[in-house]
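Student: I would like to learn how to read a model of this kind step by step. Could you take me through it, beginning with the overall layout and ending with single side chains?

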Amino acid sequence: MNYLIRTFVLAGCATACACVTIDTRHSREPRNWTAKKTAEEKIAYNEFYKNSRQEGKFYVSLGLPYVNTIGFAAETPGRTVAQTGFVGLSAGMEYHFTGRWSVAGEGWLLAAVFAPIGPIDYVGEREWNNAAGGSVSFNYHLDRFSFGAGPCLTRYIWRYSWDCGLWGEEKETHVCDPVAESEYGLPEGAFNATNALGGTLNAYWKVGITRIGAVYRPTFYNLGHNGGFTYAHSISLDIKFLINTGKKLRPARRFIW
């Protein structure tokens with residue numbers, strides 16, 4: 001009887017040890033696999049997970065292209081006009097169709113005002129360069145940076161103004177004649193506008209909902225009545241804000257590229 005009891009006790013102990021050994025072996029395997037991952041693999045996994053959360057998200061963008069350079073060939077003065085100044089506004093939408101890629105549509109209005117803030121009275125003759133248009137860009141996102149390119153349509157606007165700089169009775173008695181007194185001999189309110197096709201290139205640095213970067217919009221084909229291949233451009237230092245709508249347009253799937 002004692003022999004049978006000892007046999008059953010030994011058999012039970014052996015079975016328990018075998019079970020513990022198997023469970024321990026299987027439970028340690030994921031920990032060993034995680035510990036063996038290299039730093040590069042961990043970074044790649046974190047980037048993959050972070051980017052996958054962007055897929056399907058839809059954003060509304062508001063931008064302030066604050067410093068602008070606008071240059072194009074204006075038909076009315078018959079020469080190339082180029083100015084660098086301040087003030088601009090843009091608005092658009094952006095959709096992330098994968099974790100790293102998005103498509104954005106944007107409309108913008110650029111000015112080359114000579115003062116960064118506030119209204120100023122300009123005395124004498126002034127030329128004003130403005131640009132307005134729309135663009136579509138495909139953007140690649142890499143951590144805190146994004147790079148994009150696409151087509152754009154730009155309308156370049158040139159305007160001439162004249163102010164004698166006189167006040168009171170002197171202004172009432174003196175007749176300003178911009179044609180006779182100005183350097184270019186142009187009438188007050190001379191105006192020129194032309195449309196052109198080209199592309200857009202952008203690069204941004206992301207900080208929260210803020211994007212800080214530069215946008216280059218070259219155009220190569222003039223759509224005016226003297227149309228043809230003519231180079232023109234606008235360059236902006238841009239501050240943009242992306243507002244998450246909180247909705248996904250389709251269920252997200254994980255993509256690395």
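Tutor: We will go from the order of the elements to strand pairing, and then to a few side chains. Please keep in mind throughout that this is a predicted model.

Student: How many helices and strands are there in the protein, and what pattern do they follow along the sequence?

Tutor: The protein has 4 helices and 8 strands, and reading along the sequence gives the pattern α-α-β-β-β-β-β-α-α-β-β-β. Of the contacts between residues at least 6 apart in sequence, 67% join residues at least 24 apart. Buried residues account for 35% of the 257 residues, while the protein exposes about 15700 Å², with 65% of that area supplied by carbon and sulfur atoms.

Student: Which side chains meet in a salt bridge, and where do they lie in the chain?

Tutor: Side chains of opposite charge can pair when their charged atoms come close. The structure holds 1 salt bridge, in which the side chains of K240 and E106 meet at 3.2 Å, N to O. This pair links distant parts of the chain, since K240 belongs to strand 8 and E106 to strand 3 (residues 101–113), 134 residues apart.

Student: Are K240 and E106 buried or exposed?

Tutor: The cut-off to apply here is 20% relative accessible area, under which a residue counts as buried. K240 is therefore buried, because its relative accessibility is 11%, and E106 is buried as well, because its value is 16%.

Student: What does S135 touch, and in which strand is it found?

Tutor: S135 is found in strand 4 (residues 124–142), and it is buried, with a relative accessible area of 10%. Leaving aside residues up to four places away in sequence, S135 touches A104, G105, E106, W108, P151, C152 and T200. One of these, E106, is also the salt-bridge partner of K240.

Technical notes. Residues numbered from 1 in each chain as written. Predicted model: local features only at pLDDT ≥ 70, side-chain atom pairs only at ≥ 80, totals over all residues. Heavy atoms only, no water. Helix = DSSP H or I, 4+ residues; strand = E, 2+ residues; numbered from the N terminus. Buried < 20%, exposed > 50% of the residue type's maximum accessible area, 1.4 Å probe, protein only. Contact = heavy atoms within 4.5 Å. Salt bridge = Lys/Arg side-chain N within 4 Å of Asp/Glu carboxyl O. Areas by Shrake-Rupley, 256 points an atom, 1.4 Å probe, with all protein chains shown as cover.
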